[in-house]
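Work through the exercises below with the sequence and the model open. Each task is followed by a solution in steps.

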Amino acid sequence: MSKIDKASRILLAGFCINLCLGILYAWSVFNKALVTESGWSAAEASAPYATATITFSICLLVAGILQDRMGPRMILILGTVLTGLGMIASGFVNTPMMLNITFGVITGAGIGFGYACLSPSAMKWFHPSKKGMVNGLIAAGFGLAAIYLAPLTSALIDSMGIQTSFKILGVGILFIAVPLAATINNPTADYTPAEPKLKEGQAPKAVKKSEDLTWKAMLKTPQFYSLWIMYALAASVGLMIIGNITTIASVQANLPNAVYLASLLAIFNSGGRVCAGMLADKIGGVRTLLLAFVLQGVNMVLFATFQSEVTLIIGTAVAAVGYGTLLAVFPTLTAEFYGLKNYGTNYGVLYTSWGIGGAIGAAVVGFSMTNGDGYGLAYTISAVMMAVCIVLALVTKPLSEAKVAELKNA
């Protein structure tokens, strides 16, 4: 098998595994069914999802450390097995506390273990100039999952009930994701990725070799803290829109049944990941982030004026692209600034900002509802946060060779 075929197979397998791990995005359907059919309160029905996102973030860091030491295959198999078994176990419980354990902890842990292993492995199979594209495609699988999982889950619940739906989806994950996970591995130490094809007369793009730094060395660089703050603030804005878009549509544009906006979010979120990843390969990750921050900042300034269906669709699409950009570019920058050897650990540490971002977004909405008129104050705060991100993107530069040498010799 040629280098290109092997690398493409790893990338395709990773994309398909993420299409399964994206079961997290189907929770809104279960949430609604638990409230309307099982009589749970909104808080009880939301708790397993909140638990899963926290567990996901923690386990992504743990898995990143483990896969740096052991390779991706066993950790990835563990992740896909836990995801499937957690879903199946959820089909046998009927209390909020037990569902917090089966879905929130077991499935959430499985998603974290699985998601952490895909990008590090795939990037090692491709030329360094393709980091952005690889991250974008891998991340897109997770985002696209909502497009088919939400209607599939809804149809299963309508025809077979909540508990049977959990079991069927869990079995499906075991049958599809686990065999794919068994095909993922790192290349051998002497492997050299295939050079990208060039047009006639085109010179190969110079790619600076990334030095491998540990997470301890990474924490000694100001670039890490800049990336962390940008990730947290920008993610909070995107997650705020994603989590509230149907309510926003109802309040601002009198669209009580704008569920399709959730699918629109998924499409542009995933598309943004692929396009931003490829753009980062062309113009650099920080410049790509800067463009996304400016776009999202303007979007937040204008969002309160989006009071028609058309303008709300445009605003939703822009917000989704801005958020999707983060999931493709921050992994790319982590590899670019700190190397691939310890990437799993390093990105796991950086990814804690995503979890904090979700909490910031929820807090901003709560503060706006309490102290303002609807979402208006939330949009203003979001615009300010994006302004901070723009400033940070303008001053964030790659590590100098002298700084890298200093850290490696410390």
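## Exercise 1: Domains

The domain assignment divides the protein into domain 1 (6–183) and domain 2 (215–409). The model is a predicted one.

Task: State how far apart the C-alpha centres of domain 1 and domain 2 lie, and how many residues each domain gives to the contact.

Solution. 
1. The C-alpha centres of the two domains are 22 Å apart.
2. Domain 1 puts 30 residues into the contact, and domain 2 puts in 27 residues.

## Exercise 2: The cavity

Task: Find how many cavities of 30 Å³ or more the structure holds, then describe the lining of the largest cavity by element and by class.

Solution. 
1. The structure has one cavity of 30 Å³ or more. The space in the largest cavity is about 90 Å³.
2. Its lining residues include Leu-60, Tyr-115, Ala-116, Ser-119, Pro-120 and Asn-135. Also among them are Ile-138, Ala-139, Leu-327, Pro-331, Tyr-343 and Tyr-347.
3. Two or more lining residues come from each of helix 5 (96–125), helix 6 (131–160), helix 12 (309–338) and helix 13 (343–371). Helix 5 gives the largest share, four residues.
4. Sorted by class, the lining has ten nonpolar and two polar residues, and no charged residues.
5. Domain 1 and domain 2 both give residues to this lining, so the largest cavity lies between them.

## Exercise 3: A lining residue

Task: Take Asn-135 from the lining of the largest cavity. Is Asn-135 buried or exposed, and which residues does Asn-135 touch, leaving out those up to four places away in sequence?

Solution. 
1. Asn-135 is placed in helix 6.
2. The relative accessibility of Asn-135 is 1%; buried means under 20%, so Asn-135 counts as buried.
3. With residues up to four places away in sequence not counted, Asn-135 touches Ser-119, Met-123, Ala-328, Pro-331, Thr-332 and Tyr-343.
4. Ser-119, Pro-331 and Tyr-343, which are among these contacts, also line the largest cavity.

## Exercise 4: The salt bridge

Task: Which side chains meet in a salt bridge, and why are the two residues about one helical turn apart?

Solution. 
1. Searching the whole structure gives one salt bridge.
2. It joins the side chains of Glu-406 and Lys-403, at 3.9 Å from N to O.
3. Both residues are in helix 15 (residues 401–409); because they are three residues apart there, about one helical turn separates them.
4. Lys-403 has 24% relative accessibility, so this residue counts as partly exposed.

## Exercise 5: A positive phi

Task: Where is Asn-254 placed, and what is the phi of this residue?

Solution. 
1. Asn-254 sits in the loop between helix 9 (222–253) and helix 10 (260–283).
2. Its phi is near 55 degrees, a positive value in a residue that is not glycine. Most residues other than glycine have a negative phi.
3. Asn-254 has a relative accessible area of 63% and is therefore exposed.

Note on methods:
Residues are numbered from 1 along each chain as its sequence is written. This is a predicted model: local features need pLDDT of at least 70, side-chain atom pairs count only at pLDDT 80 or more; totals for chains, interfaces and linings use all residues. Side-chain values use heavy atoms; hydrogens and water are left out. On a 1 Å grid over the protein atoms alone, a cavity is a set of points where a 1.4 Å probe fits but cannot get out, and a pocket is an open set with protein on both sides within 12 Å along at least five of seven lines; lining residues have an atom within 4 Å of a point. Grid points are joined across faces, edges and corners, and a volume is the space filled by probe spheres set on the points. Ala, Val, Leu, Ile, Met, Phe, Trp, Tyr, Cys and Pro count as nonpolar, Asp, Glu, Lys and Arg as charged, and the others, Gly among them, as polar. Domain bounds come from an automatic or database domain assignment. A salt bridge is a side-chain nitrogen of Lys or Arg within 4 Å of a carboxyl oxygen of Asp or Glu. Buried means under 20% relative accessible area, exposed over 50%, partly exposed in between (1.4 Å probe, protein chains only). Contact means heavy atoms within 4.5 Å.
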